Amino acid sequence: MSKVIKNRYFACAIMLLSIILCIGFDTYFSLNKMHSQTEQSFYKPENTAIQTQLDNKASSANKISNLAKKYYQTTELIISDIVNAANELANADTISKKYEINNSLNRAVDALYYAMNNNSSVNRGDLTTLSSLYNEYNSYNDAILKSGYNQSADEYNAILSRFPANIVQNITNLKSAEVFK
């Protein structure tokens with residue numbers, strides 16, 4: 001009789017271990033898929049993706065700097081800051097780095113916009129073009145703000161911090177999603 005009881009306890013322990021492993025594997029694969037989908041939403045080749053908006057911003061910033069070259073030397077900091085930030089943005093390899101460079105690009109474009117508006121040698125037609133380009137540039141900022149990426153990343157990270165995902169994360173070294181903020 002004691003052998004049967006021992007076998008029963010052993011069988012229950014094996015079954016419990018199997019259930020825990022199944023839950024762990026299922027959680028890992030579900031989280032891995034969710035992380036991949038979240039990250040892909042940043043890069044997906046659609047107009048709503050942040051990466052698309054960043055590419056558009058860099059192009060728009062370059063148009064603004066090209067207009068400004070009529071009034072400033074290309075070596076002047078006010079122009080080179082935009083060109084450098086646009087190039088760095090194209091080559092940034094992480095979302096957090098893209099966010100940091102995006103902010104630098106915003107500051108550089110704002111500085112050039114205000115400098116040109118206060119430069120008395122800029123003709124009226126170029127100021128109109130500048131205003132149009134600046135509005136276009138800022139429309140991409142608005143599109144980034146409306147993007148659902150940060151919400152998806154926050155939701156994924158919140159799930160990752162709860163049980164059983166937090167245990168699976170510690171065991172498997174799953175990464176949190178980078179947020180663009």
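Guide: Helices are DSSP runs of H or I with at least four residues, strands are runs of E with at least two, and both are numbered from the N terminus. This is a predicted model, in which local features need pLDDT of at least 70, side-chain atom pairs count only at pLDDT 80 or more, and totals for chains, interfaces and linings use all residues. Residues are numbered from 1 along each chain as its sequence is written, and side-chain values use heavy atoms, with hydrogens and water left out.

Visitor: Let's pick Asn 119. Is Asn 119 buried or exposed?

Guide: Asn 119 sits in the loop between helix 4 and helix 5. The cut-offs are these: buried is under 20% relative accessible area, exposed is over 50%, and partly exposed is in between (1.4 Å probe, protein chains only). Asn 119 has a relative accessible area of 18%, so Asn 119 is buried.

Visitor: Which side chain makes a polar contact with the side chain of Asn 119?

Guide: A polar contact is a pair of N or O atoms within 3.5 Å; within protein, one must be able to donate a hydrogen and the other to accept it, and residues adjacent in sequence count only if both atoms are side-chain atoms. At 2.6 Å, the partner of the Asn 119 side chain is the side chain of Ser 121.

Visitor: And beyond its neighbours within four places in sequence, which residues is Asn 119 in contact with?

Guide: Contact means heavy atoms within 4.5 Å. Leaving out the neighbours within four places, Asn 119 is in contact with Tyr 71 and Tyr 72.

Visitor: Asp 126 is in helix 5. Which side chain does the side chain of Asp 126 make a polar contact with?

Guide: Asp 126 belongs to helix 5, which covers residues 124–146. Asp 126 counts as buried because its relative accessibility is 7%. Setting aside sequence neighbours within four places, Asp 126 is in contact with Leu 67, Lys 70 and Tyr 71. The polar contact, at 2.4 Å, goes to the side chain of Tyr 71.

Visitor: How many salt bridges does a search of the whole structure find?

Guide: A salt bridge needs a side-chain nitrogen of Lys or Arg within 4 Å of a carboxyl oxygen of Asp or Glu. One of them joins the side chains of Glu 136 and Lys 63 at 3.7 Å, N to O. That pair links distant parts of the chain, with Glu 136 in helix 5 and Lys 63 in helix 2, 73 residues apart. Over the whole structure, the number of salt bridges found is 4.

Visitor: Glu 100 and Lys 97 pair up too. What separates Glu 100 and Lys 97 along helix 4?

Guide: The closest N and O atoms of this salt bridge are 3.5 Å apart. Glu 100 is partly exposed at 46%, and Lys 97 is partly exposed at 35%. Because Glu 100 and Lys 97 are 3 residues apart in helix 4, what separates them is about one helical turn.

Visitor: Which residue forms a salt bridge with Asp 154?

Guide: Asp 154 counts as partly exposed, at 33% relative accessibility. The closest N and O atoms of the bridge are 2.8 Å apart, and the partner is Lys 181.

Visitor: Where is Lys 181 in that pair?

Guide: Lys 181 counts as exposed, at 53% relative accessibility. The pair links distant parts of the chain, 27 residues apart: Asp 154 is in helix 6, and Lys 181 is in the segment after helix 7.

Visitor: One last thing. Where does Pro 164 lie?

Guide: The peptide bond leading from Phe 163 to Pro 164 is cis, with omega near 0°. As for its place, Pro 164 lies in the loop between helix 6 and helix 7.
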